[in-house]
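This report describes a predicted model.

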2 protein chains.
Amino acid sequence: MDPQTARFTERMGQLLEAEGMPRIAGRIFGLLLLQDDARSLDELATALGVSKASVSTNARNLAGQNVVEHVTRPGDRRDYYRVTPNLFSRMMEQRLSRWRRFADAVGEGRRSVPLHHPAVRARLAEYEAAYAYMAGVIGTALGRWEPHRVPRAAARRSAR
Amino acid sequence: MDPQTARFTERMGQLLEAEGMPRIAGRIFGLLLLQDDARSLDELATALGVSKASVSTNARNLAGQNVVEHVTRPGDRRDYYRVTPNLFSRMMEQRLSRWRRFADAVGEGRRSVPLHHPAVRARLAEYEAAYAYMAGVIGTALGRWEPHRVPRAAARRSAR
DNA sequence: CTCAACGTTCAGCCGGTACTGAACGTATCC
DNA sequence: GGATACGTTCAGTACCGGCTGAACGTTGAG
């Protein structure tokens, strides 16, 4: 593994760690981001110099979050992983759902907490409105971005 | 502190903790979100049942991230804190800057890492383009949201 | 000047959790 | 059948970071 690749994977490890994921998950992600085809658990483990147990757990976890895809090959017992296509959209959607949880909490607070000051009530309502507005904007923007990004992907999608 | 308020602050603590902040920071934020005027460090510490040291550190940290504002009063030595106005925009901007770090890392990788597969290079370039696109969309949406949200704020802004 | 009221800093403790190595279960091949 | 190649699970460890209490510096009041 050349030093630039190592540097890149380490940086991804740090960045994803700052987002609340285990560092190894970030490294796996960073490494897969630079691979054109899927990699097996063993390849990942040896390339990153970590235990296969960690790779197994973290890769499965990443797959559960849709940032990585589990790939199997006929006549091959091994598990392969690659970054998901539409990675950016997936990450955006995931982020939106996180915000949604936040906006939901605010909404529930506004309804359940005894608020004596109208200003506070207005603040919470405003936050909810802002979230709804931005969610709409981001949603339509995502819809506009994807289609003319990769024509083949759009064709595949409409063929479903 | 009534049970609903406690419930709300705890939930905020959990949510912000999931975003990578200390739980106490989330609790402070949640509590301030329900207050109409600024609160002192001691008020926060006793209300939350935590040490003043923690409140001091975390409140300052939150202020550094622009999610909370440091308020002082003439003839009063104490430090007060309240949630920032334009909270939503601040959080959006903060999130955008996080993404930017991510996009920067991808860009640097694309330039520095020896990439043998054109598909990988294209993937990285596409990610950068998607980020730039979304950053633009979100930026203009924020600009459109704020003005007709709080007219007085718009007036203040245009007076600069 | 002395004392109280603040905020800040720091060493130490404590809790959580990421990571490992070994054991295990299962499938595939000989 | 045994042996190998997989992935998974789990107990144990090591580490990291949050939180605390105590000590400290500073400001203001009496």
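## Surroundings of DNA strand C

Twenty residues, written here as 20, lie around DNA strand C; those that come nearest are A:Pro22, A:Ile24, A:Ala53 and A:Ser54, together with B:Ala53. By class, the surface near DNA strand C comprises eight charged, six polar and six nonpolar residues.

Both chains contribute elements to this surface. From chain A, α2 (23-33) and α4 (52-64) each provide at least two residues. From chain B, α3 (41-48), α4 (52-64) and β3 (76-83) likewise each provide at least two. The largest share is that of α4(B), with five residues.

## The sheet of chain A

Chain A contains an open sheet of three strands, ordered β1-β3-β2, with antiparallel pairing. Its edges are formed by β1 (39-40) and β2 (68-73) of chain A, each of which pairs on one side only.

Between β2(A) and β3 (residues 76-83) of chain A, which run antiparallel, there are five bridges. Opposite A:Arg73 stands A:Asp76, a residue of β3(A).

## Contact between chains A and B

The two chains meet through 36 residues of chain B in contact with 36 residues of chain A. On the side of chain B that touches chain A, the helices α1 (3-18), α5 (87-112) and α6 (118-145) of chain B each supply at least two residues. Of these residues, α6(B) gives the largest share, namely 11.

The composition of this side of chain B is 23 nonpolar, seven charged and six polar residues.

Terms used:
Residues numbered from 1 in each chain as written. Chains lettered and ligands numbered in written order. Predicted model: local features only at pLDDT ≥ 70, side-chain atom pairs only at ≥ 80, totals over all residues. Near = placed C-beta within 6 Å. Helix = DSSP H or I, 4+ residues; strand = E, 2+ residues; numbered from the N terminus. Nonpolar A, V, L, I, M, F, W, Y, C, P; charged D, E, K, R; others polar. Pairing = 2+ DSSP bridges. Contact = placed C-beta atoms within 7 Å.
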